[in-house]
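Welcome, and open your viewer. Let's take a short walk together, one selection at a time.

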Amino acid sequence: MHLEPEPWRRKSPVARHAGKRDRLFSRVASPTSEPIFFSGLQFPVGCAREGGRVLLPEVRFYAWVPQQLPEPEPHRSRGTGATGVRTGVAMIRFILIQNRAGKTRLAKWYMQFDDDEKQKLIEEVHAVVTVRDAKHTNFVEFRNFKIIYRRYAGLYFCICVDVNDNNLAYLEAIHNFVEVLNEYFHNVCELDLVFNFYKVYTVVDEMFLAGEIRETSQTKVLKQLLMLQSLE
Amino acid sequence: MVPVGRGMPFIPSVLAVVGAGAARMSRDTPWCLEAFYLIPPGTHANEGIQVGRGKSKEAEIKRINKELANIRSKFKGDRALDGYSKKKYVCKLLFIFLLGHDIDFGHMEAVNLLSSNRYTEKQIGYLFISVLVNSNSELIRLINNAIKNDLASRNPTFMGLALHCIANVGSREMAEAFAGEIPRILVAGDTMDSVKQSAALCLLRLYRTSPDLVPMGDWTSRVVHLLNDQHLGVVTAATSLITTLAQKNPEEFKTSVSLAVSRLSRIVTSASTDLQDYTYYFVPAPWLSVKLLRLLQCYPPPDPAVRGRLTECLEAILNKAQEPPKSKKVQHSNAKNAVLFEAISLVIHHDSEPNLLVRACNQLGQFLQHRETNLRYLALESMCTLASSEFSHEAVKTHIETVINAPQTERDVSVRQRAVDLLYAMCDRSNAQQIVAEMLSYLETADYSIREEIVLKVAILAEKYAVDYTWYVDTILNLIRIAGDYVSEEVWYRVIQIVINRDDVQGYAAKTVFEALQASACHENLVKVGGYILGEFGNLIAGDPRSSPLTQFHLLHSKFHLCSVPTRALLLSTYIKFVNLFPEVKGTIQDVLRSDSQLKNADVELQQRAVEYLRLSTVASTDILATVLEEMPPFPERESSILAKLKKKKGPSTVTDLEEAKRERSADVNGGPEPAPASTSAVSTPSPSADLLGLGAAPPAPAGPPPSSGGLLVDVFSDSPSAAAPLAPGSEDNFARFVCKNNGVLFENQLLQIGLKSEFRQNLGRMFIFYGNKTSTQFLNFTPTLICSDDLQANLSLQTKPVDPAVDGGAQVQQAVNIECVSDFTEAPVLNIQFRYGGTFQNVSVKLPITLNKFFQPTEMASQDFFQRWKQLSNPQQEVQSIFKAKHPMDTEVTKAKIIGFGSALLEEVDPNPANFVGAGIIHTRTAQIGCLLRLEPNLQAQMYRLTLRTSRETVSQRLCELLSEQF
């Protein structure tokens, strides 16, 4: 019997990592091309974990994310104009950049989570997002929040926000962010984010701060980044 | 066979990345990681890759440990490191941490970097602090010091780094140190724009974490004027800050409304090139527009002058949606629609401009058929809220055909779900039949994840808009047929409540369930509904020979053996009702009850019912039988328990908003299926075993008999004690206090004091009750009696000797009670004391604190065992969870003491979160030992607890959860 080795065993290490050099904008460059999907090659969720910390297998507590949100809206008396104050908090809860295998390339948290909870969230987000295809929306309900995500080459950019927040605004905030990265790293790819992680954090802080959008002008952000780079 | 060759690591390891990195170092590897990636000297680059491939995880860990050792030695070395090296090693540590390894040193070096004058060194220092926050108090002081220096440096780059660090960490210590300083920086005239942006959001972060430390002051009015700032980036950041502040302090920020409107109007009317940097794919400042529109949603519609301007803006935004797109790129349409959807939210929020509401609705209607899934999804979502406005409800309804098709055609389940939500929201009397029919037909193919919700929605709509209750009955029976597994108890309870309360539909209901039951395979829920309705109203169809009493009985009994215990118990009740309704089948039914499978049933509940019903049918006269089994009285009208369930399921906000508008009768949420209040404990009525209708109750008191029949009850069960006093006031509180302790005063009034001392071992216990006469007069005929309900008697055996009937003034008598826990129990015995004091007869009842947790034996176990057992108890019935408000101050030590007092072991270092409590123990009963695991999660901020119990027995989980949740 002729046993065909599984495809990923056949690839040379270079080929295996080739994806990490895919330019994020390859998809933008040819908008008609079908996105590359797993093609039957599934990584177990477990490999989302990057390193040493081995947690208990399978069973772990879900830490309790208290329901700070959504707060019930105040009663609205209709048609009178005497509407109440809207109190729901709306902010970014975290930003994640993951590759298809679930490796985290950037994690930025805007609320307090402990380490295990972060790991749990990372795995859950990966599980939720990677099963969706191009015909699905870019929004997924997630716990008490929602995730707005977009895929560029092999990378998923995910923003977790409150359910009453504006989906499309964050969807385009992701794109705006990716365009800045692309410009800054001259045709960005996954490995740029790996090796220049400290620069990526700077870019994030320029564009998002305290769970809010800080700056939206690409020109202004890039000008500032270049200025900072000149100080190095 | 082709050999697969050396095993490749299954998980691509870091070193593999490292290898690839080394190969292309020329371009990508930055200064700080070079040394780390360089393969050991003397080896070829390719060998580095080989190592990565072959050794996988262990090799990676080894490599990293080596690197860590190297860095540690550098830090510990005699020679002081220069800034560059320090930065390099701190950066490496950070990289190692981000790869998922623990880092336990380097914090000091990172803090040192903060005082460097070089940007890159400072930046790495701050990054390290932000990513690896450490509440080490000594360091916090040093960090705060460095931040303070940078804030005072007047160097915008350094100020920016410091502000970002505060915004990222946002700890309370930082708020204490800087909450005063940051507003000053924010409004100072000479602050650079980029620093202002950071300062605004930094302040926002501090306000969110510690609002008490950010007092409003004269800076607030100047912050509002930032909305007028030249620099749109500053306006963007400031709008976020103002929105959050305005939610909590609407008065202080009222002036922001007119400023926001004029800013918005300038953006909306600008040509697409005016704003240059802030134009995104031909859309002027989309994010800022969205933020401004959100800010306006903090307030009611403004006064007329501003309002006119705002309406113009909103109209302009709606007009733009109709214009041909300026670009084919999806970015253009997304940005434009982001603003449009936010504008529509504002229109809905104001809910005062019929014209705009209808226009919004038409715009969304166009999106319903858009080829972008995102837009269809969002349009469905927005329309849901539009449907609740009286102005646009009709307009929404015109799109019904499109919406009805959506669940069948959409590929994304979340879009289908939105469509169902919208159908629910747009439903009213005029289209209810159509929508309910559509939802029913969709239910047959719907995703499992949303079936239960659809079932609840159908049940609610059918009830709410039923003109003709025969339609309602048909709908619910269909629901059970199509999705019986998803029909929760609330739903079938409700149909029974409605049938009982409406006599016009009872005959029809009986006929319909009778027909439905004839199907060869029918869902158990149908048997329940059928059993109940025939038991009550079977007589209405008994005239028809096709549904004669005997036929009805045989039909029901043919399902009996396929059903679970609760359903069988219900059917037994139906049988005894038949005995009353149809004397001609009495013999047949008695035969069934008398059979071994009933009388000797292994299940206590079934056996007891069989015995009692059989006895009742033999000894009671027709009159007594007719009184005992009288038709159910109508249920009190209250909010549908289904609605309460839907709210619970969907989370408070999503439904509340809709329901608020849709509600037609208002009432408090009356909880779900809770048993009647504790009044039952005074008389020896077995308490209903937790079902709403009292179906589980023993026959004489199906749902609390009318008072007149009380005398009869006593006649039938003449062994019950003569009337005992109702429970003494405050006895419940006292009872709760004894859950976690064994000794103390249980009751005290001017005459009598009752003290307790008790000890428990495994399933046995002994309790000493001390009766103290506080007066100087003798008590006569002093008779304490322990009263247990029948249920309790079976599960808890109590033995005691009578005490001397005379208690002298000032004296104390003692009574010992031997306790054995036979099986798990929920109720508590009642101690009734009757005596004569002076000329008067005294009668006192208190609940005796013998609770299930007294039979707890703590069990110590390691984390691994705990999780293994936790996993084994993963059956949904085994877990009970409760979330409740703290009634006492949340003190860790007190909580620990209570958990130990409760009887379980307190396990340290099991829960990853040290703030949580985890316990384990075994409940000993004569018949079984029940392992119990518990977890208590406090949430200080919300002053709430979440308690989770997992035991091998549902009733035990339930009871322990009730007991323990009362303690905090």
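Two strands pair if DSSP finds at least two bridges between them. Strands (E, at least two residues) and helices (H or I, at least four) are DSSP runs, numbered from the N terminus. This is a predicted model, where local features need pLDDT of at least 70, side-chain atom pairs count only at pLDDT 80 or more, and totals for chains, interfaces and linings use all residues. Residues are numbered from 1 along each chain as its sequence is written, chains are lettered from A and ligands numbered from 1 in the order in which they are written, and side-chain values use heavy atoms, with hydrogens and water left out.

**Stop one: chain A**

Select residues 145–152 and 155–162 of chain A: these are strands S4 and S5, antiparallel and joined by 8 bridges. Look for Lys146(A), which faces Val161(A) in S5(A).

Now widen the view to an open sheet of 5 strands in chain A, ordered S2-S1-S5-S4-S3 with antiparallel pairing. At its edges, S2 (104–109) and S3 (139–142) of chain A each pair on one side only.

Next, pick helix H4 (115–130) of chain A, which packs on the sheet and touches S1 (92–99), S2, S3, S4 and S5 of chain A; contact means heavy atoms within 4.5 Å.

**Stop two: chain B**

Select strand S15 (929–939) of chain B, where 8 of the 11 residues are buried, meaning under 20% relative accessible area (1.4 Å probe, protein chains only). On one side, 8 bridges link S15(B) to antiparallel S14 (917–924) of chain B, with Val918(B) partnering Arg935(B). Another 8 bridges join S15(B) to antiparallel S16 (944–951) of chain B. There, Glu937(B) stands opposite Arg946(B).

Conventions: Axes fitted to C-alpha atoms, helices over the stretch in contact; angles between N-to-C directions. Buried < 20%, exposed > 50% of the residue type's maximum accessible area, 1.4 Å probe, protein only.
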